[in-house]
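Biologist: Hello! Could you walk me through this model, one question at a time?

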Amino acid sequence: MILANDQLLQAYQSSFLSIYDEIIVTNLKGNILFRSGKLKNFWSTNSASLKGRTFTELEEISFFGDPILQLLNRELHSLQLKAWNGSTILITVFISNGNSEDLMLWGLKSISDNLMDSIEITDESDTKHSPSMVVHSQKMKDVLNTIEMVSKVSTTVLLLGESGVGKEMIAKTINQLGNRRSKPFIAVNCGAIPVNLLESELFGYVGGAFSGANKNGAPGKFELANEGIIFLDEIAELPLNLQVKLLRFLQEKEVTPLGSSKRIQIDVQIIAATNQSLEKMVIDGRFREDLYYRLNVVPIEIPSLRERVEEIPYLIYHFIAKYNTLYNRNINILPDAIDLLCIYDWPGNVRQLENTIERIVVTSRELNVDSSLVYNYIPWKKAVIKEPPIIDHIMPLQEAVDMIEEQLIKMAMDKYKSVKLAAKVLDISQPTMSRKYKKIREKIQHETLSPSNKRNILEQHLNKQLRSMAIVTSSVILPEEISELVNHPVLPSNPTFKMVEKKLTKIREQEGIIEWVYIFKALDNNKMLTIVADEDFVIPPGHLYEGPPEMMEVAFEAMNGKAGVTPLYKDIYGEWKTSFAPLMDNNGKVLAIIGFDHSRSYIETELKKIENMLKV
């Protein structure tokens, strides 16, 4: 029995709909010719009819329309696609050779119920105004992976990022995920408390410690946070005298209340946060270098909102739902308005976005908010290109146009991470943008780093690690110990000498990556005097050493107070890379330097590890 054309079509349609929730037929340009079935909770209510429209124009399909173009250009056959309304679908495309023209059949299937589309962690301490951590971008998923790991231990965490990115929410998330979730979480804004009250707020005080003090005294924030977590926000605002006390706490795990001599043992995990560059503050002398490295055990960089543009739609839906519920409103934000909100820079980050959405929900007279309404809620500023293309020689006009075009496309893609949004700001069509960007990507793939540049990048990362290790490890040598050894003749029988020698030997054995550890003092004749070293060091105490210039230069910089790492150098004992850190007395005067020698074989192994990690 031969089926009629209509019967055959019905059979094919039924077969496809037994696999997919919806099928759409287009020509090769993406113009929709036929549609059957329906994805549940996927299409906008404003999209009653799709026939005659172009697939790539349907903003309801995917807020970030790049993958659709990959299917349309036949670069991919099937993919999972995140829709602008938050659902996830599987799209598979088939090419059919018709009698008059080739056709494309698109099969769409909802898989939102089978996949975890996003991660949302809510602070349940305040259900009415509960701030949530909405995670959709890869950068924020990387942050979440890190905080999941650090939440299982009591290590010190340093949260870095611009104002408004959600540092306190991250700190609360560490608390929620960790073993201390049932213990106190105490947040302190170091920049909001007057300097003259900050010490008593942090460390407590006893009765009569100062004028106006409670006669019974009061516990400090550290004591209140015992067994839990203390969150020190705006840590860069901590005065230098309190930085010393915080450093002492990190070393001894005890506090002394103001006006008391009694020490109180405290078990607390410290999470610090800042929107400033502590490294720059160290260089400027406004933040202690030793404290910086004590806090910088696990640094977590929280990306700005403009670095995770793909997350903005989901944050918008979250805040719309939150404030619709809070204010008993029913505001709906349309796709073109979301596009506009994604193009804005958001200098105030998530906090500014949330405030803007709240203002829209409270003040909008329209239930459906489009881009023309949203435009009035944003303080637009004219974009400034810091490095405009400069042409300093004659070239063919088309070559110059191509050069400027490539720079603009790369700038737009670097900023928005989306062909759709980049096309909007550059005022070109999505297919044109996709084609041009594909050409640029292919060009970039053929460009590789030169071996020398690659080596420099890897060495910079390794040097940073070695310098940090040198500074932190140097703190085991006490000021009084180095003062005694430097200011008196070197005598191996001296008890202090023996104690320091054992410390240095223990450092070498525990680290397992150090060949030798030693303490030198610079002399006026540009040579170094060996003060004390680990038990296996080749130069006896009291003997002079003069190394190659590149090594001695870093050593003398350390004598001037600047820790550093040498390039790979060679002396009579072998090939080394050495990290130096200054050793100071109680008045902050540099008396000597501590050096850590690393062999060439270790350096090459570490560089290989870093290369694999960075994928350079």
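Modeller: Two strands pair if DSSP finds at least two bridges between them; helices (H or I, at least four residues) and strands (E, at least two) are DSSP runs, numbered from the N terminus. This is a predicted model, where local features need pLDDT of at least 70, side-chain atom pairs count only at pLDDT 80 or more, and totals for chains, interfaces and linings use all residues. Residues are numbered from 1 along each chain as its sequence is written, and side-chain values use heavy atoms, with hydrogens and water left out.

Biologist: Over how many bridges do β8 and β13 pair?

Modeller: Strand β8 covers residues 157-160 and β13 covers residues 269-274. V157 stands opposite I271 in β13. The two strands pair in the parallel sense, and the number of bridges is four.

Biologist: Which residue of β13 is the bridge partner of I229?

Modeller: Strand β10 (residues 229-233) also pairs with β13 in the parallel sense, over four bridges. The bridge partner of I229 in β13 is Q269.

Biologist: Which strands stand at the edges of the sheet?

Modeller: The open sheet has five strands with parallel pairing, in the order β9-β10-β13-β8-β14. Each edge strand has a single partner, so one side of it is left without a neighbour in the sheet. The edge strands are β9 (185-189) and β14 (298-301).

Biologist: How many residues of β13 are buried?

Modeller: Buried means under 20% relative accessible area, exposed over 50%, and partly exposed in between (1.4 Å probe, protein chains only). On one side Q269, I271 and A273 are buried, and on the other I270, A272 and T274. The count for β13 is six of six residues.

Biologist: Are helices α18 and α19 parallel or oblique to each other?

Modeller: Axes are lines fitted to C-alpha atoms, for helices over the stretch in contact (heavy atoms within 4.5 Å), and angles run from 0 to 180 degrees between N-to-C directions. The axes of α18 (residues 479-487) and α19 (residues 495-511) come within 10 Å and cross at roughly 120°. Angles under 35 degrees count as roughly parallel, over 145 as roughly antiparallel, 65 to 115 as roughly perpendicular and the rest as oblique. The two helices are therefore oblique.

Biologist: Which residues of α18 make the contact with α19?

Modeller: On the α19 side, the contact is made by T496, F497, M499, V500 and K503. On the α18 side, the residues are E481, E484 and L485.
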